[in-house]
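Here are a few exercises to work through with the model open. Try each task before you read its solution.

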Amino acid sequence: MENNDTNTNDLSFDNRIPLEDLKNAVEAIKAELAKVIIGQENFIELLIVSLLVEGHVLIEGVPGIAKTVTAKLFAKTLQTDFSRIQFTPDLMPSDILGTSIFNVKTSEFEFKKGPIFSNIILIDEINRAPAKTQAAMFEIMEEVQVTMDGTTYKIAEPFMVLATQNPIEQEGTYALPEAQLDRFLFKIKVEYPTLEEEIKIIQTHHDRKGSKPQGLINAVISPEKLIDYKQKIQEIVVEEKIIKYIAEVISKTRNHPHLYLGGSPRASIATLNAAKAFAAIDGRDFVIPNDIKRALVPVLNHRVILTPEREMEGMSTDSVIKMIMESVEIPR
């Protein structure tokens, strides 16, 4: 049953949409990051997919496993502005959005834009800011704009939020509201490196002899190229049976005995968009079931909630999502 979609990449076919340039650009980003980042191939690929479909990413992992460094270096591969915001318990909405300041010369209030007015935004420890500050992110993440004092200010595209959080240290943190979690395309769980990767990380650090990793990374994609790639992804062909497959999987999350909360229609659309990007970076102009499978876990990780009983048993959302995927027949 699995062979139906795993071997599709080996077949020769003619694309109706020219994707060679996009595929090469993705490889160029990976090659730049590989100069510094050891392993984390899945993490990097999910960041690229999110960028191509205008999604935001929540990155979860323990301290010291290069979450922030990877996000910063990823932003450096793009010819765009970058802004980093450290979330703290005393952070106010105006610290992010900006504030109106009275100009004595003109006798009028002027809006001074905050650090959110950039292209790639890295928010470190997003769960450390209180609810009031979290709520200030809703409009930005959904509509790419800020409304202050009755005036709406558009944020220049591309716009992408990369937010990190630590799953272990919960003292002094605030759980993100479900409505805000739903605005993230992916939740990426970054794991510890393998022993071989750890050895390579130490050796690479030693070989750099104190030189900063940022200096090794070059920008490889312009905003104009990015707009072109996004347009190509929208044209990727998706058959009706693939759409039905997505709907069936997401629908099953809503009435599964192990889940208290299932995926919303936004989860279905996120899965579709991510699958189209996965197809494009593989050089295909059509979606296969394997693209859907690659998207489902990071798309649903933060959108479904386990029942208290299953949580107490130590079950993970990943295992339940995979269980649901296996229970739905793969389209042929």
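**Exercise 1.** How many residues does the largest nonpolar core have, and which of them have the most contacts inside it?

Some ground rules: this is a predicted model, where local features need pLDDT of at least 70, side-chain atom pairs count only at pLDDT 80 or more, and totals for chains, interfaces and linings use all residues. Residues are numbered from 1 along each chain as its sequence is written, and side-chain values use heavy atoms, with hydrogens and water left out.

*Solution.* Start with the term: a nonpolar core is a set of buried Ala, Val, Leu, Ile, Met, Phe, Trp, Tyr and Cys residues joined through side-chain atoms within 4.5 Å, with buried meaning under 20% relative accessible area, exposed over 50% and partly exposed in between (1.4 Å probe, protein chains only). The largest core has 71 residues, and Leu 52, Phe 74 and Leu 162 have the most contacts inside it. Its largest share, nine residues, comes from helix α12 (residues 265-281).

**Exercise 2.** At what angle do helices α11 and α13 pack?

*Solution.* Helices are DSSP runs (H or I, at least four residues), numbered from the N terminus. For α11 (residues 240-253) and α13 (residues 289-300), that gives about 30°, with the axes 11 Å apart. The pair is therefore roughly parallel (angles under 35 degrees).

**Exercise 3.** Is Gln 231 buried, partly exposed or exposed?

*Solution.* Find Gln 231 in helix α10 (residues 223-234). Its relative accessibility is 46%, so Gln 231 counts as partly exposed.

Definitions and conventions: Axes fitted to C-alpha atoms, helices over the stretch in contact; angles between N-to-C directions. Helix = DSSP H or I, 4+ residues; strand = E, 2+ residues; numbered from the N terminus. Parallel < 35°, antiparallel > 145°, perpendicular 65-115°, else oblique.
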